[in-house]
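Subject: Structure for you to look at

Hi,

Here is the structure I promised to pass on. Please open it next to this message, and my notes will follow below.

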Amino acid sequence: MPEPVDTVEMQAALLRLRRTSGLPVAFGGLLSDPRHARIVELNGAQTTALRGLVISAGSGLGGKSIALSRPCAVTDYPSSRHISHEYDTAVAAEGLRSVVAVPVVVRRKVRGVLYGALREPLALGDRTFDAAVSAARDVEQALVVRDEVQQLLSVTRDQVTDPRAGPGAWEQVREAHRELRALAPKVTDPALRDELLSVCARLASASGAQEPRAHGVLLAPREVDVLACVATGATNAVAAGRLGLRPETVKGYLRSAMRKLGAHTRLEAVVAARRAGLLP
């Protein structure tokens, strides 16, 4: 099955590729195994000839890009001598001539491939290459976030904290909670984001604290994010870096959270948030 990023971030990346490059057609997909990618998203296509096409490493332009782990392009796909021609039928059905393919590489591993194409045999300039590389990086970042979330969820999903657990175990829970909260705004897949926030709520209530509403406290998501960072000893500057905010913004969220919690210091705010079941 396609990964969530196929239907969310990849669609957005292909649309940005067309808008920034001026190319009329963009398409792509992720690898289903180390040597095969399936084209699952099309933008600007006039037919469905390319949809579902399985690209093998080394075959065609995209396969060459996957095998070499670098961008590749041809000025006239049907007549190019620099690629193999297993996919000529589908390419001809869509009427593509000048094509660029860029691999999606995460931690030195090719995870997918994006294409941009013209229906005329024209040389592609730097602007086109830059736009294609930028689009691939957008997908790469989405995959990095998804990988981090999945890794954290696999560690915390079934974790039930023993009240007798030592300080070290609690610190691990709190750090996992902080990391998940920081990643939540970057997750584009709604189902994965909901699962992430559900696990955060489980971790926050692991100590047996009251439910937030029962305690009469309801903080904004970003206020909880800031407190989660503060709870691990982060300064405003460090919290800002982790959350992608300005230090002044972090300070504002912290001040608002302290007011709602009736706290006068950062430590009091963290303690109050834990009592309210907002933090583990």
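Which residues in H2 are buried? They are Glu9, Met10, Ala13, Leu14, Leu17 and Ser21, where buried means under 20% relative accessible area, exposed over 50% and partly exposed in between, with a 1.4 Å probe and protein chains only. These residues lie on the same side of H2, because they cover an arc of only 135° around the axis, the arc being that of the directions from the helix axis to the C-beta atoms. An α-helix has 3.6 residues a turn, so residues three or four places apart point the same way.

Before the rest, some ground rules. This is a predicted model, in which local features need pLDDT of at least 70 and side-chain atom pairs count only at pLDDT 80 or more, while totals for chains, interfaces and linings use all residues. Residues are numbered from 1 along each chain as its sequence is written, and side-chain values use heavy atoms, with hydrogens and water left out.

Now the chain as a whole. There are 11 helices and 7 strands; helices (H or I, at least four residues) and strands (E, at least two) are DSSP runs, numbered from the N terminus. Of the 280 residues in the chain, 47% are buried.

Glycine 22 follows H2 and has a positive phi, near 85°.

Strand S7 (residues 109-118) is worth a look too: 9 of its 10 residues are buried, so S7 is largely enclosed by the rest of the structure. S7 pairs in the antiparallel sense with S1 (residues 25-33) over 6 bridges, and with S6 (residues 98-106), also antiparallel, over 9 bridges. Two strands pair if DSSP finds at least two bridges between them. Leucine 30 has glycine 112 in S7 as its bridge partner, and valine 102 stands opposite leucine 114 in S7. The hairpin of S6 and S7 has 2 residues between the strands, and arginine 107 there takes a positive phi near 50°.

Best wishes
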